[in-house]
Amino acid sequence: MLFDLNRFLQGLSYAIDCVESELLGSSTHHGKRVAYLSLRLAKAAGLTEEEQFDIAAFGILHDNGLAQETLTKADLDRSRLCQAEDLPAHCTIGENNIAHFPFRSHSRDIVKYHHEWWDGSGFFGLKGDEIPLMAQIVGLADSVDVRFRFENPDPSNRQRIRDHIIAQSGLAFSPELVALFEQVSQTTAFWLDLHNSHIQQSLDRWMPSHTVEMSWEEILKVSRVFSQIIDSKSRFTQRHSGGLEEKAGRMANHYDMPHDEMMQLRIAAALHDVGKLAIPNAILDKPSKLTETERMKVQEHTYFTRLCLEPIPGFETITEWAANHHEKLSGNGYPMALPPERLDFNARLLTVLDIYQALTEERPYRQGNTHEDAMVIIDKLKEGGQLDATIVDAVRTTLADAPAS
Ligand SMILES: [Fe+2]
Ligand SMILES: [Fe+2]
Ligand SMILES: [Fe+2]
Ligand SMILES: [Fe+2]
């Protein structure tokens, strides 16, 4: 199918920005703003269209490593995102996570080196032109967006940002890059483009479109880049999306599902919990019973999954399956309390499999259940009219010999 990688990236960027919002304690569009700033600098620097698409992708993805549990759990002063960014691990983890993303140019190590400074004072001590140009650009965009509020309408704020960048010429940033920033930041539109309420449109306007012919297999591979980011958010969910995807594949084989349908089901499984990136780890990993407010917060994750996947052309069905995995046949699921006629076969299947996957995984307060124990609990839900009985029975037999994953 013709696949719009821009829409795909931008949909998922919402979830990645949520991780930074958690650390920063306020709502941001940090990734999108870094992407926009990087793009403007890349164009001015004469980078090719392929490189321009990639730098926007790197901008969106540059801090994906922050989702990693060890980083979100580190003892941070939550009032300052830069402290989270002070951990070099987020660069290497982030680089590894995106190893299979289909970038158009052959640029590598951009995420790894986005905290290198021109004078050699960065995490890895690279200096001057040793730092890939794209990493220099993303680094400038990132550091400026962390320090300043672009939505501040006061024109004196613009001068403060310019002054800061000029002061760092030859220190954090190369003199050439500083000159490029001076050049692109001359217009009123540049500054207005960066406002929270406009940033999505601004990015749409400037980002080269990247619509490519991709098979469902290839789209699944790209989806796994994100399921890996989702799963790394908590040590209790290290294999959750991956395990669910694998079980969805086994059930699809059991039902002799047509190939395209199976691939879409696996993609929905890989991305079903992408909205969890919007839920703080303090709640997701809480070892004791959740309060009512916390429980309601966790329930928001499927709403955010819908928000991320809905704008992606071709993902209409995948969105329904992924975002409805906590809906119930009894009509009292969440987040929409859909009636059973709105839940098709694969939505019902994913619901049963998600419960099975969660029950057989270790949690902060318990060990993982065996297949038999998990089926006892699932049977109770079936008897309560929440789950599809025929699917539950098929899962019982098909996954009986499932290796733990
Ligand atoms: Fe960073
Ligand atoms: Fe950042
Ligand atoms: Fe979920
Ligand atoms: Fe899940």
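Biologist: Which residues touch the most other members of the largest nonpolar core?

Modeller: In this predicted model, Phe8, Phe101, Phe226 and Phe315 touch the most other members of that core, which has 105 residues; a nonpolar core here is a set of buried Ala, Val, Leu, Ile, Met, Phe, Trp, Tyr and Cys residues joined through side-chain atoms within 4.5 Å. At least three residues come from each of domain 1 (2-211) and domain 2 (215-398), with bounds taken from an automatic or database domain assignment.

Biologist: What does Phe315 touch?

Modeller: Leaving out residues up to four places away in sequence, Phe315 touches Phe3, Phe8, Trp216, Ile219, Ile267, Leu271 and Leu309, where contact means heavy atoms within 4.5 Å.

Biologist: How many aromatic pairs are there?

Modeller: The structure holds 16, counting rings of Phe, Tyr and Trp (its six-membered ring) whose centres lie within 6.5 Å, with planes under 30 degrees apart called stacked, over 60 edge-to-face and the rest tilted. The rings of Phe8 and Phe315 are edge-to-face, because their centres are 5.9 Å apart and their planes stand at 75°. That pair links distant parts of the chain, 307 residues apart, with Phe8 in helix α1 (residues 5-24) and Phe315 in the loop between α17 (301-309) and α18 (316-323); helices are DSSP runs of H or I with at least four residues, numbered from the N terminus.

Biologist: Phe8, buried or exposed?

Modeller: Phe8 counts as buried because its relative accessibility is 0%, and Phe315 counts as buried at 0% as well; buried means under 20% relative accessible area, exposed over 50%, and partly exposed in between (1.4 Å probe, protein chains only). Phe101 and Phe103 form a tilted pair, 4.9 Å centre to centre with 50° between the planes, and both Phe101 and Phe103 are buried.

Biologist: New topic: which ring does Arg40 lie over?

Modeller: Arg40 lies over the face of Trp206, at 3.8 Å from the ring centre, the criterion being NZ of Lys or CZ of Arg within 6 Å of the ring centre and within 35 degrees of the ring normal.

Biologist: And how much do the two domains bury between them?

Modeller: Domain 1 and domain 2 bury about 2300 Å², 72% of it on carbon and sulfur atoms, as the accessible area (1.4 Å probe) that two parts lose on being put together, summed over both.

Biologist: What are the ground rules?

Modeller: Residues are numbered from 1 along each chain as its sequence is written, while chains are lettered from A and ligands numbered from 1 in the order in which they are written. Local features need pLDDT of at least 70 and side-chain atom pairs count only at pLDDT 80 or more, whereas totals for chains, interfaces and linings use all residues, and side-chain values use heavy atoms, with hydrogens and water left out.

Terms used. Helix = DSSP H or I, 4+ residues; strand = E, 2+ residues; numbered from the N terminus.
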